[in-house]
Amino acid sequence: MVVIGAGAWGTAFASRISAGHPSAKVFLWSRNTKLVDDLIEKKTNEKYLKNLKLCERLRFSSDLQLILRKGEEFSKLKNELQTIVFAVPVSALAEICEKLKTVDISPETSLLWLCKGVLVHEKQITWPSQLIEKFFPNSRHFALSGPSFAQEVAAGLPFALTCAGNDLEQVRNVSESLKCRGLRIYSSDDLIGVQLAGAMKNVLAIAAGICDGMNLGLNARASLITRGLSETARLGVAINAKRETFLGLAALGDLILTSTGNLSRNRKVGLGLANGQDLQTILKNLGHVAEGVSTAPLLLDLAQKRNIEVPITKAVCDLLIMKIKPEEVLKNLLSRDFSDENL
């Protein structure tokens, strides 16, 4: 397996899979040669996962072509399929795909991505699956998503994910190949639903952080999370996702974690906005990518083109561009017309 991207989640995932599969070779790539040198020497990623020791078997490199070749050679030796995991921010996915186009990748290779979001590619709102299909037609590609703070994964704590793809049998095979101690993976053929859920929960986590930063209480936060899930499902059904997906790990599970956990980057963005900080200062202090910031306006655009109401998402977008203050957002949301409760 080759994991592309040595941020917090990529490093944690690579280390955990390496630890859980003693006979496998797992390679972690970063373009940052200084980071790679530190990883090789210290077996820790002090930039993103301080004081957490990584699996001793995990291998590191800044030479992408080299480790792809080594990974393929090892897979052939073991008579196994090669797996490439994209663990970069969604904004960097197109660039990485361009790099991989120069490498001869077998159509039997499984391509997985850990990033959660949506992007603009060639002036079109694009899901990661659509981007992968464009660069690697007829490839086996899968989304891996669910509640998974990198620090806890790297520390060896148990967690569960959803693996989604278009061919359920292929999804089940990939899920089976990844399973290891402390990791349970559920299979789904709702690829668009799982991707939307992962993107939307980051936006809703910003809203939850604003709620907590305004000290509105636990009742308000629970209501916000629930209505946010309703927004996600409404938009999901409109783009042909399955309604039941939004009660699973990729949606409800990840939304609860990201909206309530102190390790959540997007929730920290919301806390900063509620405290009157400007967005650039918040992101600079964060030191990590908060996918919800770039994703929110794209999801709003997607919803508006389909006449789907997403009031919480719109409120987050208005706050991100400093169009409105948190107090006004609260007033506007509470003064909306009454409606029946449904997804």
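Predicted model: local features only at pLDDT ≥ 70, side-chain atom pairs only at ≥ 80, totals over all residues.
1. Lysine 43 sits in the loop between helix H2 (33-42) and strand S3 (44-45). Phi of lysine 43 is near 55°, a positive value in a residue other than glycine. Most residues other than glycine have a negative phi. That makes the loop position worth a look in the viewer.

2. Is lysine 43 buried or exposed? Lysine 43 counts as buried, because its relative accessibility is 11% and the cut-off for buried is under 20%. Its surroundings can be listed. Leaving out residues up to four places away in sequence, lysine 43 touches Asp38, Leu52, Lys53, Leu54, Cys55, Glu56, Leu58 and Phe60. Leucine 58 is one of these contacts. Lysine 43 and leucine 58 are 15 residues apart in sequence, and their C-alpha atoms are 8.6 Å apart in space.

3. Asparagine 138 is another residue other than glycine with a positive phi, here near 65°. Asparagine 138 lies in the loop between helix H5 (128-135) and S10. Its exposure is another matter. At 77% relative accessibility, asparagine 138 counts as exposed, whereas lysine 43, at 11%, counts as buried.

4. Next, the domains. The domain assignment of the protein gives domain 1 (2-189) and domain 2 (193-335). The contact takes 29 residues from domain 1 and 27 residues from domain 2. Taken over C-alpha atoms, the centres of domain 1 and domain 2 are separated by 26 Å.

5. How many cavities of 30 Å³ or more does a search of the whole structure find? The search finds 1. The largest cavity holds about 50 Å³ of space. Its lining consists of Trp113, Cys115, Lys116, Gly117, Ala143, Leu144, Ser145, Val194, Gln195 and Gly198. By class, that lining has 5 nonpolar, 4 polar and 1 charged residues.

6. Strand S10 (140-145) and helix H8 (191-213) each supply at least two residues of the lining.

7. Lysine 201 lies in helix H8, one of the elements that supply the cavity lining. Lysine 201 counts as buried, because its relative accessibility is 8%. Not counting residues up to four places away in sequence, lysine 201 touches Lys116, Asp254, Leu255 and Thr258. Lys116 is among the lining residues of the largest cavity. Lysine 201 and phenylalanine 60 are 141 residues apart along the chain, with 31 Å between their C-alpha atoms. Phe60 is one of the residues that lysine 43 touches.

8. Glycine 236 belongs to helix H9 (residues 218-238). Its relative accessibility is 0%, so glycine 236 counts as buried. Leaving aside neighbours within four places in sequence, glycine 236 is in contact with Leu196, Ala241 and Phe246. A link to the cavity can be traced through glutamine 195, one of the lining residues. The C-alpha atoms of glycine 236 and glutamine 195 are separated by 9.7 Å, at 41 residues apart along the chain.

9. Glycine 261 is in the loop between helix H10 (249-260) and helix H11 (265-274). Glycine 261 is buried, because its relative accessible area is 13%. Residues up to four places away aside, glycine 261 touches Phe149 and Arg267. Glycine 261 and leucine 247 are 14 residues apart along the chain, and their C-alpha atoms are separated by 19 Å.

10. Last, a check on helix H1 (residues 8-20). At 1.5 Å a residue, its 13 residues should span 18 Å, and the end C-alpha atoms are 18 Å apart, which agrees. H1 is mostly covered, with 11 of its 13 residues buried. The buried residues are Ala8, Trp9, Gly10, Thr11, Ala12, Phe13, Ala14, Ser15, Arg16, Ile17 and Ser18.

Definitions and conventions: Residues numbered from 1 in each chain as written. Heavy atoms only, no water. Helix = DSSP H or I, 4+ residues; strand = E, 2+ residues; numbered from the N terminus. Expected span 1.5 Å × (residues − 1). Buried < 20%, exposed > 50% of the residue type's maximum accessible area, 1.4 Å probe, protein only. 1 Å grid on protein atoms, 1.4 Å probe; cavity = no way out; pocket = protein on both sides within 12 Å on 5 of 7 lines; lining within 4 Å. Points joined across faces, edges and corners; volume = space filled by probe spheres on them. Nonpolar A, V, L, I, M, F, W, Y, C, P; charged D, E, K, R; others polar. Domains from an automatic or database assignment. Contact = heavy atoms within 4.5 Å.
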